[in-house]
Amino acid sequence: MRNNMETAAGRLGRVVAIRMAPGVDLLEGLQEACEQYGIKNGVILSAIGSLNGVVFCNPVEMPIKAGYGYGEDQRLTGPIELTSATGVICHDDEGAVNLHVHVTLTDRHGGAHGGHLRPGSRVLLNLDAVIAEIDGVEMARKLDEELGVPRLSPRQEQYGNDR
């Protein structure tokens, strides 16, 4: 590992377009789409739409090895515009899908907000998302023993994607 980075190279594979209806939890909808199409190594290319409230969190100082972690959930109520969502589609040691999603939002007054997406953010009118599979890269999410937090641990796949 050079410059304290882990890297692996691959190519974008299948692309899945998603439209979520009113009431769908954004995080659960993304998770369900990944599971439906067997995507556990991928990326969220785009997500936009409206939410009927949103739950997210941001980094705060914490008494853990890393010194920082995600703080208390923040909640915005009422109509919220999702101007962008992006993230990585990983998996744990058992192969279960593990999403890490960040959002950029605006409220009804044009105030900007953003952070790490948490469960409880429901679609208001419509939500459009596009996810893509990454071929050739094992997108594992593992506990970093040195920092005490889960982190992406990309590895080069030896024989293609195991769909």
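I'll start with Ser-121, which sits in the loop between strand E7, residues 112-117, and strand E8, residues 123-135. Keep in mind that this is a predicted model. Ser-121 has a relative accessibility of 1%, so it counts as buried. What does its side chain do there? A polar atom of the Ser-121 side chain lies 2.9 Å from the backbone nitrogen of Val-55. If we set aside neighbours within four places in sequence, the residues in contact with Ser-121 are Val-24, Asp-25, Leu-26, Leu-51, Gly-53, Val-54 and Val-55.

Now the chain as a whole. There are ten strands and one helix. Reading from the N terminus, the order is β-α-β-β-β-β-β-β-β-β-β. The chain has 163 residues, and 38% of them count as buried. Of the contacts with a separation of 6 or more, 68% are between residues 24 or more positions apart. The accessible surface is about 9,300 Å², and carbon and sulfur atoms account for 50% of that.

Next, the charged pairs. How many salt bridges does a search of the whole structure find? It finds four, and I will go through some of them.

One joins the side chains of Arg-155 and Glu-6, at 2.8 Å from N to O. Arg-155 is in strand E10, residues 149-156, and Glu-6 is in the segment before strand E1, so this pair ties together parts that are 149 residues apart in sequence. Both ends are partly exposed: Arg-155 has a relative accessible area of 45%, and Glu-6 has 29%.

Another is between Glu-133 and Arg-14, at 2.9 Å. Here the link runs from strand E8 to strand E1, and the two residues are 119 apart. Glu-133 is buried, at 1% relative accessibility, while Arg-14 is partly exposed, at 28%.

The side chains of Asp-73 and Arg-118 also form a salt bridge, at 2.9 Å from N to O. Asp-73 is in the loop between E4 and E5, Arg-118 is in the loop between E7 and E8, and they are 45 residues apart. Asp-73 comes out at 33% relative accessibility, partly exposed, and Arg-118 at 31%, also partly exposed.

On cysteines: the structure holds zero disulfides. Cys-34 is buried at 1% relative accessibility, and Cys-57 is buried at 2%.

Last, the surface. Which residues make the nonpolar patch of about 280 Å²? They are Leu-12, Val-15 and Leu-45. Leu-45 belongs to strand E2, residues 42-57, and is partly exposed, with 42% relative accessibility.

Terms used:
Residues numbered from 1 in each chain as written. Predicted model: local features only at pLDDT ≥ 70, side-chain atom pairs only at ≥ 80, totals over all residues. Heavy atoms only, no water. Patch = residues over 30% accessible without salt bridge, like charges linked within 9 Å, V, L, I, M, F, W, Y side chains within 5 Å. Areas by Shrake-Rupley, 256 points an atom, 1.4 Å probe, with all protein chains shown as cover. Helix = DSSP H or I, 4+ residues; strand = E, 2+ residues; numbered from the N terminus. Buried < 20%, exposed > 50% of the residue type's maximum accessible area, 1.4 Å probe, protein only. Disulfide = S-S within 2.5 Å. Polar contact = N/O pair within 3.5 Å; in protein donor to acceptor, adjacent residues only side chain to side chain. Contact = heavy atoms within 4.5 Å.
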